[in-house]
Every structure is written in structure tokens, then in C-alpha cells.
Amino acid sequence: MNSFESLRANISPIDGQDYGAYQSIKGAYAYPGFNLFIDQIPKDPYAPPHTGIYRIQVKRSDPGVIDVQTASTIEDIAFRDFLTRNFSTACQEVSKGRRGTGNSGVITISQPGQAILDRSCIVINDDVIEVRCFVGLPAAGRKIKARVAATMLFEELPEIVRRSLFEENIDLEVLHRHIQTAVDAESLRSQLEPAGLVAFIADQAILPRKSGTSDQPLVEVSIPFVAPESMRVEFELPHAGRISGMGIRQGVSLIVGGGYHGKSTLLDAMAAGIYNHIPGDGRELCVSLPQTVKVRAYSGRSIEKTDISPFIRNLPFQKDTSAFCTENASGSTSQAANIIEAIEIGARLFLMDEDTCATNFMIRDKKMQELVNKADEPITAFIDKVRQLYLEKGISTILVLGGAGDYFEVSDQVIQMIRYQAYDVTEKTRQIALASPGKRTAEDSDYPISPKQRNPLGESVSPVNDFGKKSIYAKEIYRFVFGGKTVDLTDVEQIIELTQTKTIAQALDYARQYMDGKTSLRKVVERVIGDIEAQGLDILSDRISGHHAQFRRFELAFALNRLRGFEVLQQPE
């Protein structure tokens, strides 16, 4: 290993040279207190951060290095998540930002959001803590700025390491609270099913977010959540002790109320409840089943041999819906496919907001039933299948509704939101349902909901573009490029970070090894998740990356289902 002084000596002579001359400084360098590995340097200052690979290693046994002996996987993830945030904060405080063209002058790490996730930017083994970051070596145009590079590598980077990885600069109480918060949330989530619940919202939780594009809490004017007394349950947690809040029972639940009173905000908290959240987020003790899936309609997606016949059949011209295919789904067919595909992968709880659902899929009221004969309507509305989903498949549903009171008759509990406060109005809605004349007729609630097994064909999942090159990348959280195709994940709302999208894109390529036409889609994605759990996120790529983050098997399957050209063999019943 070279000394950091040799790195300094190598930088000075390349001042003013073409940017490509930076390639000469790749290597391993021993700094006081840490080692720096420069594995890959972009050949252009405008290249994105993921094309550069810089690793910092500190020995866990070295005096002063922060070290926590974790006793579980969740503790390990939370510790690494904390260090990621520490390093990110230090970068923002120490690095002076862009100094030159493109990404010149920037020292960064994958930016964490509000969730505590397993990420590849911090890796810890028995001996070392490794940080994978990006150093945007500076340039003016394409000419190297060696003096600024020296400032970054010999002043700023050591200071960032000192602030983020050495115990003297870390508040240990804050660190332990970060870990304990994750442990408590994980414990709480594991207690839901034994208690007959699918979701829990803690008393005093802060649910509203700053905006529709920000996941940070709206603290200034938020009203702390208080559970209705009739729905209040208590749990004992390892660190927080006894807590109370609103428990959502298994079955069919409605969230009703006027516009802007907090219905969708409550549902969004449940959708986010599959993740553990950082202290101060407001939703630290708001959890839902790990198999929770938020479902919506999204016109234009592709569908490949999905059995949507439980919801849509008897189409004009005898088009088969038991192996439905389209390159341009309607709102109703997309929502039907989304539900069936989620059942296929093992969903236990559906979340739906009428604002993003197809109206003709959700309800067919009495007046429409009188006008249009059922024989002329191929869609069986969700209202007539929602209880069947629970009774036959054990899948619960939580619906946000503002204008479909017919759902009162198929619900188990109803929550009304008034000025962001929750009220149990279940009994009131039952009285209304009993007193209401002219009820709609239930339609087709007995047709079985049994998705046919689909076995993916690996040759249909090609990462090679039209120029014969492997092309896998993501620049947007709900969109990535795979080969010559763009995969649109706009309706896969439980993806919360760009790093997850990048990882899902790589996982599609990795999953091809299990797609032999004989293995079900569910088993394929479960094998990928199993490999990651056993060997870590690094198995998804041939080269080291600090831009990977955990995802669920659901989101991987949903990405495959939205890849145009994806092919499966549907197994007969």
C-alpha cells in the first residue's frame, strides 16, 4: 500500500492536463487513521457519481474508531444507516461543493431518506468499517485542477472521516437511540399478526409530510395522532416500553371523511409502515405487515399472461382474460392486474385510495346496475370481491373513500378523519347501511381468485440495448433503463429511494439465472432476496457499488411485470 504522501506527489505534476490523467492516481493509500482505495475514476468530469469508486477503510480495533457490537441483523443495518447519515452530514459541512465543471469538487455518499435501510455504501465486517463514497475530482472544462484536488483529498476527506467515524465526534446517546428505534419498530411489526392486526399507528405520531415531494415531517403545524378509544391497543417494546395507538384489525377497513382532512395521509403512513424510520420522523412507531402492497390504477402499462378473470371476463369478441396480455392497459385492467400480481407474490394487505383507483373498477352503483345489465358489463367491481379476498385468501384491505358509501355494507371497521383526528364510526355506518333504501345488488362474489402460476423466460429479460451493449441505469426514482427499454414504476409507490430503483434494475439482470421457464415468478424473486440476505447487496453487480439499497420481492416482481417484452409460461391449473 502506498503512503498518502505518494498520492500528493502524483497529483501535482498532472495539473492542467487532460482529465484522463487522473487515472494515474488509482491505487491504495495509507492515511493517518484510515486507508483510501481509489478503484475507479470517471474519465469525464460530467460522469455521474456511480461511475467512480472510492473506498475508505478504518480498522474497528483502532483506538478512537466508533464501534458497536450488534446482536441482530436489524441492529447491524441501523448502525450502518447511522454511519451513512453521519458521513453524509460531514460531507455537507466540510466539502465546499462543486468547484469546476460537472461533478467537480463534490464529496458525497448515497443520500439516505427517512427510512433505515440496508445500503451498500457502508459495509462492516469483523475487521473494518468500509465507506464507499464519491470524490468528484475537480476540473476546469476538461483540464485538471490539481490544487483543488489536493485540498479535497488531504484536507477535506480526512476531516470528513474524523467527524463521521471517530467516537470523539459522535453522540453515543443519539447513536444508540437510532439503533433502538429500529429494533422497537421491528419488534412492533412482528407483534401485529399475533394480535390480529394488519397495521398500527402510535399515539402522538406525526403523519403529515412537508409536501407531496418531501418525505420529511411537517412538524410546525402538525396535530399529533390520537387513537380512538375503541381502537386503542397496547404493546410492550424492548426499549420504548409500553406504547399505545390505533390498531387496524384484519378484514376490510375504510378510511372516510371530507377532502383535506387526512385520509390519504393516514393511508400513506400505513404504506410507509413496511419500513423502519429514523428518530424524529414522526412515524417511528407506525408499522404495517411486511407484505403490505399499495395498489392503484395506471393506464398504459404492459401486462403479460396475467389471469385477471376474477375481476374482468366475458369481454366482447371473446377475448381471453385468464391469460390477459396487453401493451397498453386501461385503468381497470391495470388495477386488476396489479392486484392479481401482488397476490401471486404473497400480499397480505392491500391499501387503496379512491383518488388513484379506476372508478369503474371500484364500484357499480344501483342506478348503473339498473341501466346496464350485468351480462353487458365484463368488470366485477372490487366491492364485490373485497370480502372474498379476505375470507378465501386471508388478504385484508384498507380503502380511502370519500364518495362510495356502498362499501359500508362490506366493511369490518370504519375510521373517519376530521381535521387529522381519527374517529371510530363503524357502528354509525352500519346503522346508515341498514336504514338506506334501494341497496345495490352484489355481483359475482363467488368466482374463484386463484392466480395461475407464471414461469418467467430469461431470454425475454435482456439488458442489452440496440447497440449490443449492456445498459442498466436509473436517474429517476420511478423509472429505469434496462437494455433498450424504459421501465415505468410510477404506480409502484412503496419505492422510496433512488438507490432502491438502481438496485432493482441490477436485480432484474441477476434474476435471469433463475428464469428457466420451470420456476415460478414468486420463487425467482424469493431466490434473489435469499441470495442478498445470505451474501449482501454486492452480489448483484460485478463491480463494487455504494449505490445499492434493500428492496422487497414485491417491487422486484412488479418491475419485471412492467418490463415490455417480458415473457412467461403460464401453468395450467
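The largest cavity holds about 80 Å³ of space. The structure is a predicted model, in which local features need pLDDT of at least 70 and side-chain atom pairs count only at pLDDT 80 or more, whereas totals for chains, interfaces and linings use all residues. Residues are numbered from 1 along each chain as its sequence is written, and side-chain values use heavy atoms, with hydrogens and water left out.

Rolling a probe the size of a water molecule over the atoms shows where empty space is left. Here a cavity is a set of points, on a 1 Å grid over the protein atoms alone, where a 1.4 Å probe fits but cannot get out, and lining residues have an atom within 4 Å of a point. Grid points are joined across faces, edges and corners, and a volume is the space filled by probe spheres set on the points. Three cavities of 30 Å³ or more are present. The lining of the largest cavity comprises 13 residues, and Val293, Lys294, Asp491, Phe558 and Arg562 lie nearest its centre. Strand E17 (292-294) and helix H13 (553-561) each contribute at least two residues to this lining; helices (H or I, at least four residues) and strands (E, at least two) are DSSP runs, numbered from the N terminus. By class, the lining of the largest cavity has four nonpolar, two polar and seven charged residues, where Ala, Val, Leu, Ile, Met, Phe, Trp, Tyr, Cys and Pro count as nonpolar, Asp, Glu, Lys and Arg as charged, and the others, Gly among them, as polar.

The second largest cavity has a volume of about 50 Å³. Its lining residues include Leu207, Pro208, Phe225, Met417 and Tyr420. Seven residues of this lining are nonpolar, two are polar and none is charged.

Strand E13 is joined to the antiparallel strand E14 (residues 241-249) by six bridges, and Phe235 stands opposite Ile243 in E14.

How values were computed. Pairing = 2+ DSSP bridges. 1 Å grid on protein atoms, 1.4 Å probe; cavity = no way out; pocket = protein on both sides within 12 Å on 5 of 7 lines; lining within 4 Å.
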